[in-house]
Amino acid sequence: MDYSELDAEIRRLVGAATESGVRAFGEETVVRLVRPERFRDADEGELTADAWAALANACANVLTLGAAGLGRELATIDDGILADDDLDTGVLAVVQALEHWQGYLEQNGREEVYELAIRSIEDVDHEVSAALGDFLATPEMAAEYERIRRLLDPDPNGKHHGPTRSARASVPSECDVPDDHSPA
């Protein structure tokens, strides 16, 4: 499966998933993407002390802060960026994941969950360098795709493969995710 096929399949999965499936996937994925070790090696001078505290709090409480709480922490982080041009890639990736989750919480938008899925694929790609012609060739990338599929793809009996096991709800015929996303 090349990148464009993987992207299209993730779009399809997000669009067809139940609301509870989207939520379960989003929760599991954002927790994975905001692990503190992702920015452990960042230079302290990249953010103010208040911004570092806000980042740590947002990561530790990502599932309980709610949209407004995450918005406040993200504003503190944004106001506290000291790096001139190149923010540490780990810090940037965590902030982007927090922004997507906050956007999902605010608007219940599937495009934000799609973005979390893509960030998750990119996270694994950063670790193992997936082949462009066969993105699922490495065991790590295949496992990440399987995790995404398992959480988002409802089974034929109308039950969700993920941890919530809720009955399938009415889902839109098309995902409201824009088609112009390309790999970073």
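Because the model is predicted, local features are given where pLDDT is at least 70 and side-chain atom pairs at pLDDT 80 or more, while totals for chains, interfaces and linings use all residues. Residues are numbered from 1 along each chain as its sequence is written, and side-chain values rest on heavy atoms, with hydrogens and water left out.

The chain holds 7 helices and 0 strands, where helices (H or I, at least four residues) and strands (E, at least two) are DSSP runs numbered from the N terminus. Read from the N terminus on, the order of elements is α-α-α-α-α-α-α. Of the 184 residues of the chain, 47% are buried; here buried means under 20% relative accessible area, exposed over 50%, and partly exposed in between, with a 1.4 Å probe and protein chains only. The accessible surface of the chain amounts to about 9,200 Å², and carbon and sulfur atoms account for 48% of that area. Accessible areas come from the Shrake-Rupley method with a 1.4 Å probe, and for residues only the protein chains shown count as cover. Contacts (heavy atoms within 4.5 Å) tell a story about sequence distance: among those in the chain between residues at least 6 apart in sequence, 75% join residues at least 24 apart.

Next comes the largest pocket, which contains about 490 Å³ of space. A pocket is an open set of points on a 1 Å grid over the protein atoms alone, where a 1.4 Å probe fits, with protein on both sides within 12 Å along at least five of seven lines; lining residues have an atom within 4 Å of a point. Grid points are joined across faces, edges and corners, and the volume is the space filled by probe spheres set on the points. The lining of the largest pocket has 21 residues, and those nearest the centre are R38, A93, E122, D123 and H126. Two or more lining residues come from each of α5 (89-107) and α6 (110-128), and α6 gives the largest share, with 7 residues. By type, the lining of the largest pocket comprises 9 nonpolar, 4 polar and 8 charged residues. In this scheme Ala, Val, Leu, Ile, Met, Phe, Trp, Tyr, Cys and Pro count as nonpolar, Asp, Glu, Lys and Arg as charged, and the others, Gly among them, as polar.

D123, one of the residues nearest the pocket centre, is placed in helix α6 and is buried at 6% relative accessibility. Leaving aside residues up to four places away in sequence, D123 touches R32, L33, R35 and R38.

A search of the whole structure for aromatic pairs returns 3. Rings of Phe, Tyr and Trp (its six-membered ring) pair if their centres lie within 6.5 Å; planes under 30 degrees apart count as stacked, over 60 as edge-to-face and the rest as tilted. Another pair, W101 with Y104, is stacked, at 5.1 Å centre to centre and 25 degrees between the planes. W101 and Y104 are separated by about one helical turn because they are 3 residues apart in helix α5. W101 is buried at 1% relative accessibility, and Y104 is buried at 3%.

Some further residues round out the picture. V95, in helix α5, is buried at 11% relative accessibility and touches L55, L74 and I77, not counting residues up to four places away in sequence. V95 and V34 are 61 residues apart in sequence, yet 8.0 Å apart in space, C-alpha to C-alpha. V14 belongs to helix α1 (residues 3-16) and is buried, with a relative accessible area of 0%. V14 and L152 are 138 residues apart in sequence, with a C-alpha to C-alpha spacing of 6.4 Å. Finally, N108 sits in the loop between α5 and α6 and is partly exposed, with a relative accessible area of 42%. Although N108 is not a glycine, its phi is positive, at about 55 degrees.
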